[in-house]
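Here are a few notes to read alongside the structure. They cover charged pairs to begin with, then the nonpolar cores.

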Amino acid sequence: MRRFAFLSRACLLLGLIPISVQAQGIDSFFDVFFLELGGDNQNWNEVIAGGGSGFDNGAWFPYSADPSSGAVQQDPWGNVNPVPGWRNQWFYDGRYRPERYKVVDLSFSYALADPTRRGGTDIIINWSTPEWSIVGSANSPPTSNQYIGRATISRETWLEANDTRILPFNGRYDLRDLGVPFNPEWVSIDVVGYNVRLSSPSLPGSINHYCIPEPTSIALAFLGAALLLAAKRN
């Protein structure tokens with residue numbers, strides 16, 4: 001009978017886990033951005049105009065690809081970026097937390113800057129590595145590729161010449177699916193391309209990012225406490 005009462009109490013407390021998870025809270029960050037890239041298939045990543053709510057008043061920082069990596073950046077028509085690299089806008093993401101994870105929502109419009117020519121961009125999500133949280137500063141994002149993780153999430157934002165459409169882009173990305181089982185201090189939207197416009201100053205795109213408790217770890221900790229409490233009462 002005592003064993004039954006012990007298990008009953010444990011199960012009752014375990015049933016409260018969803019409430020406990022919710023009570024832990026989700027840290028939410030809401031940011032905006034816009035960008036226009038000029039250039040052509042021989043001149044990539046030329047910022048004509050850009051901004052947002054990110055670091056340094058929404059600056060789009062240039063990052064060069066490490067030549068030793070052998071990185072090749074190519075548009076859908078086979079043209080190779082002669083100077084491989086990216087443009088990043090960084091957003092502060094809360095302190096590094098290995099016990100949490102990150103979900104990012106992206107929403108923006110895209111169109112050719114000059115509709116008479118082809119253009120577009122790859123869309124990439126970046127994050128600062130745990131090492132940056134040791135050697136870096138919470139006041140600035142990483143300046144070296146050594147402390148940056150990257151994952152291309154879309155190559156669909158390229159358009160043929162004479163396409164005058166303004167198209168929507170919406171996506172949700174759980175960074176655990178990209179091999180990031182932690183909450184990084186910084187995240188960024190990252191582009192590589194030419195002759196494309198992403199949203200505008202009057203109607204900017206949005207990047208909403210959430211620092212979420214890991215349900216499994218919370219559940220295990222709560223279960224341990226529940227079993228200990230139930231045992232003490234018997």
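1. A quick definition to begin with: a salt bridge here is a side-chain nitrogen of Lys or Arg within 4 Å of a carboxyl oxygen of Asp or Glu. Keep in mind that this is a predicted model. By that definition, arginine 176 pairs up with aspartate 174, with their closest N and O atoms 2.6 Å apart. Aspartate 174 is buried at 17% relative accessible area, while arginine 176, at 34%, counts as partly exposed.

2. The structure has twelve salt bridges, and some are linked.

3. What about aspartate 114 and arginine 117? They form a salt bridge as well, the closest N and O atoms being 3.1 Å apart.

4. Now for the nonpolar side. The largest nonpolar core has 28 residues, and Phe33, Leu106 and Ile123 touch the most other members. Elements giving two or more residues to this core include strands S1 (27-37), S6 (119-128) and S10 (186-194). Strand S5 gives the most, with five residues.

5. There's also a second, separate core of 13 residues, with Trp44, Trp158, Trp186 and Tyr194 among them.

Technical notes
Residues numbered from 1 in each chain as written. Predicted model: local features only at pLDDT ≥ 70, side-chain atom pairs only at ≥ 80, totals over all residues. Heavy atoms only, no water. Core = buried A, V, L, I, M, F, W, Y, C linked by side-chain atoms within 4.5 Å. Buried < 20%, exposed > 50% of the residue type's maximum accessible area, 1.4 Å probe, protein only. Helix = DSSP H or I, 4+ residues; strand = E, 2+ residues; numbered from the N terminus.
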